[in-house]
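Please read the following report alongside the sequence and the model.

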Amino acid sequence: MSTSSNRLLEYLEGLPHPEFRRLYAQPSTSLAIFRRMLPPLAKTLVMAMLYIPRPFPIADLETWVRQESRRDQEHAVDLLERLQILQRTADPKKPRSFLLTNPFAASLRQALTGAGHHKSFGVPSNAKSQDPIPINQLDEFARSQWESILGYMVGSTAVVLGNQGGRLSPSVKHLLQYGGLVEVKGISVGITQEGFAFVLQEVNAQVWTVLILYLDSAEQLSMDKVDVLSFLFMLGSLELGQSYSKVNLTATQLQMLLDLRDLGIIYQDTSNSDHYYPTRLATTLTSDAGALRSASAGFGGALRSSSSDDKGFVVIETNYRLYAYTSSPLQIAILSLFARLITRYPNMVSGKMTRDSVRRAIDMGITGDQIIDFLYTHAHPQMRKNSATVLPPTVVDQIRLWQIEGERMKTTGGFLFKDFASEKEYIGPCEYARDIGVLVWKNDKSKMFFVTRVEQIAAYLKNQRERRREGG
């Protein structure tokens, strides 16, 4: 599951049951969650039960899955239950069974067959008074808006902004500060550790991170969270280049249009316009295709046949000299966070990574691993061709040494599981925690392990207890 899907999953898991029911009443939401949030096996289970009106026995389900894939089955069922898509029947006189919840099942059937008059997938505008906005103009607007956000975060004042966008509204600046992505001291803005991790993410993950911050602040703005989520899921199903009418939008969603325009997700000629256009940032919100790596690479690929940023642009030598074949003010600003830039040419900058430049970045909250990840992600193709390790090992090791000069301990919040009665009871949940990516530490001798999240492990242990009870 991608980073953006994990971030969204964490948010959805915190919703109460009544809000899930309202959310799933919209076919566009049910389809978006089916496409975006579910792994292949979970999708298979949902489609198998979608048109079965009666509960499906768990024993029959287990005959579909090979013994070596039992863990994948448990993970799929656990995820479906956490998203309140699947529920267990409670009749003690009948075999244990699963049933798809409503209205999710009904809404998904409507979405797949095109049934009903719900207008859940937007209402195309029939306005003929204005010429349609070309896709390349929508891309340019979205890129301008999004790169201005990233430029603000890294402190770049040189990001060249288009005429139609680029000015950050106070609400966007407040959102970035609220989410801990930037730290404002007087008139200066500094990026935080979380902010640098945000900059390194793919665009889709960046967008969802900001949108979830927006969701967290929705109640303070007297906005309905379910309306906000439904509108975001709907945007992911719209067609790029098509204008849509505002007539079927709620008061909350009309208020959202102005905020989403500031983020480059929506394009409007004026705030009073009776229609809007989704940009590429909107139409890829619920896409199951691979997300774009960076704003420049993603939008640049749509506008040009090739892009140097797509291929990687950073060359670093064993003497810590750095050459970046880019003219992007945003990328140059990011490099200046941890390198001392010396010379700038029309299509290249050169500089050097020093102890002082790296320590300055670390003092800002940026970690050595984040710097290494950035250099690896954007390494020039020639570096990938000539070296199995891509980055010079001496540079990687030195960055880590510069970091540990000022720190000796790292803390991780989480939950400790211990006091297991047997080796068998310990191994199952420990391996499950490792498989779903929440395991931080384990000690097989003491039968203890430490995880960052407890909900999935608790559900796994509960399911195991029920199986043992049924087995006698």
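## Basis of the model

This is a predicted model, in which local features need pLDDT of at least 70 and side-chain atom pairs count only at pLDDT 80 or more, while totals for chains, interfaces and linings use all residues. Residues are numbered from 1 along each chain as its sequence is written, and side-chain values use heavy atoms, with hydrogens and water left out.

## The chain as a whole

The protein chain has 23 helices and 15 strands; helices (H or I, at least four residues) and strands (E, at least two) are DSSP runs, numbered from the N terminus. Of its 472 residues, 49% are buried, where buried means under 20% relative accessible area, exposed means over 50%, and partly exposed lies in between, with a 1.4 Å probe and protein chains only.

The accessible surface of the protein chain comes to about 23100 Å², and carbon and sulfur atoms account for 51% of that surface; accessible areas come from the Shrake-Rupley method with a 1.4 Å probe, and for residues only the protein chains shown count as cover. Among contacts between residues at least 6 apart in sequence, 67% join residues at least 24 apart, a contact being heavy atoms within 4.5 Å.

## The sheet of S13, S15 and S14

Three strands form an open sheet of 3 strands in the order S13-S15-S14, with antiparallel pairing; two strands pair if DSSP finds at least two bridges between them. Strand S13 (415-417) and strand S14 (439-443) stand at the edges with a single partner strand each, so one side of each is left without a neighbour in the sheet. From one strand to the next the twist averages 15 degrees, with axes taken as lines fitted to C-alpha atoms (for helices, over the stretch in contact) and angles running from 0 to 180 degrees between N-to-C directions.

S13 is joined by 3 bridges to strand S15 (residues 448-451), the two running antiparallel, and Phe415 stands opposite Val451 in S15. Trp441 lies in strand S14 and counts as partly exposed, at 39% relative accessibility. Together with Leu416 and Val440, Trp441 forms a nonpolar patch on the surface with about 280 Å² of accessible area. Patches are made of residues with over 30% relative accessible area and no salt bridge, like charges being joined within 9 Å and nonpolar side chains (Val, Leu, Ile, Met, Phe, Trp, Tyr) within 5 Å; a salt bridge is a side-chain nitrogen of Lys or Arg within 4 Å of a carboxyl oxygen of Asp or Glu.

Strand S6 (residues 244-245) is joined to S8 by 2 bridges and runs antiparallel to S8, with Ser245 opposite His275. Strand S7 (residues 266-267) also pairs with S8 in the antiparallel sense over 2 bridges, and here the bridge partner of Ile266 is Pro278.

Strand S10 (residues 321-324) pairs with S12 in the antiparallel sense over 4 bridges, while strand S11 (residues 340-345) runs antiparallel to S12 and is joined to S12 by 5 bridges. Arg340 stands opposite Lys352 in S12, and a hairpin of 2 residues joins S11 to S12.

S12 is mostly covered, with 4 of its 5 residues buried. Ser350, which lies in strand S12 (residues 348-352), is buried at a relative accessible area of 12% and is the bridge partner of Tyr323. Leaving aside neighbours within four places in sequence, Ser350 is in contact with Leu322, Tyr323, Leu341, Ile342 and Thr343.

## Two further buried residues

Leu211 lies in helix H11 (residues 203-216) and is buried, with a relative accessible area of 0%. Beyond its neighbours within four places in sequence, Leu211 is in contact with Leu232, Leu260, Leu263, Ile265 and Leu285. The C-alpha atoms of Leu211 and Leu175 are separated by 9.5 Å, although these residues are 36 residues apart along the chain.

Thr367 is found in the loop between helix H18 (355-363) and helix H19 (368-377), and is buried with a relative accessible area of 17%. Apart from its neighbours within four places in sequence, Thr367 is in contact with Gln193 and Gln403.
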